[in-house]
Amino acid sequence: MKRVALYVRVSTEDQAKEGYSLDAQEKRLSDYCKFNGLEIAGLYRDEGYSGRNTFRPAYRRMMDDIDNWDGILVLKMDRIHRNSRHFTAMMDTLRKHGKEFISMMEKFNTETAMGRFVMDTIQRIAQLESEQIGDRVKIGMARKAETGDGNMGSPDPYGYTHRDGMLVIREDEAENVREMFRMKSAGNGPSAIADWLNRSSIPSKTGKTWSRQAVSHILKNPLYAGFVRWDGNISEGSHEAIITADEFERANGGASA
């Protein structure tokens, strides 16, 4: 194996952990490549995405570029997947294309039978831990629903309003959402889009001026493509999408500012 794709990921929760920043992961992987004589064929960075699903723009681009590299290099296995089904599907794809997988901190790779066995075992343990955390959260949510304790709802996201317990599109806001995604796909970053919204006197949901963070939150939210995200998992929602899944992926694969 000569050419490797470096994959780094950090979720919202991971950002507070020392050594888990995207830059920290990238540096350690780059040093590993220098020491082992590996060529970096591409760098793929997903910021603010959970490892429990594959709805990640950089991860998808990396798999689309599979002909450009000989293997994938990650800092830890949980950086690329926290779900054994998704990990197994990825490994099937890699094997089909004659590609390898290396996890730096676990110090093994799929070039050996023992490496493949240990990797599968560790991945299943990681998924068990993740599912146990999810089960505890779901139990807590169920108890709140039974007792009426706590707010089970959420504020209306920009572009939608709640009606009879369902999300319904607000067309006046939805058109602004579509324009945000069009601008992002054209190469404009969240800062530039926020400036355009403010110059156009378009208020945010709360009536305040737009910030880069508020725009970035919308652009990364799969809700607008018809999906719902809860506890790190993404599934198809029952609400109407404002943009298509392809438009969401194009926007998230573009430049940022």
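The secondary structure of the chain comes to eight helices and nine strands, where helices (H or I, at least four residues) and strands (E, at least two) are DSSP runs numbered from the N terminus. The model is predicted, so that local features need pLDDT of at least 70 and side-chain atom pairs count only at pLDDT 80 or more, while totals for chains, interfaces and linings use all residues. Residues are numbered from 1 along each chain as its sequence is written, and side-chain values use heavy atoms, with hydrogens and water left out.

Of the 257 residues in the chain, 42% are buried; buried means under 20% relative accessible area, exposed over 50%, and partly exposed in between (1.4 Å probe, protein chains only). Among contacts (heavy atoms within 4.5 Å) between residues at least 6 apart in sequence, 62% join residues at least 24 apart.

Consider next a pair of helices. Helix H5 (residues 171–185) and helix H6 (residues 190–199) pack at an angle of about 140°, their axes being 10 Å apart. Axes here are lines fitted to C-alpha atoms, for helices over the stretch in contact, and angles run from 0 to 180 degrees between N-to-C directions. This angle makes H5 oblique to H6, given that angles under 35 degrees count as roughly parallel, over 145 as roughly antiparallel, 65 to 115 as roughly perpendicular and the rest as oblique. From H5, the contact draws on Glu179, Met180, Met183 and Lys184, and from H6 on Pro190, Ile193, Trp196 and Leu197. These residues divide into six nonpolar, no polar and two charged; Ala, Val, Leu, Ile, Met, Phe, Trp, Tyr, Cys and Pro count as nonpolar, Asp, Glu, Lys and Arg as charged, and the others, Gly among them, as polar.

The buried residues of H7 are Val215, Ser216, Ile218 and Leu219. They cover an arc of only 160° around the axis, which puts them on the same side of H7; the arc is that of the directions from the helix axis to the C-beta atoms. The face turned away from this buried side carries the exposed residues Gln213 and His217.

An α-helix has 3.6 residues a turn, so residues three or four places apart point the same way.
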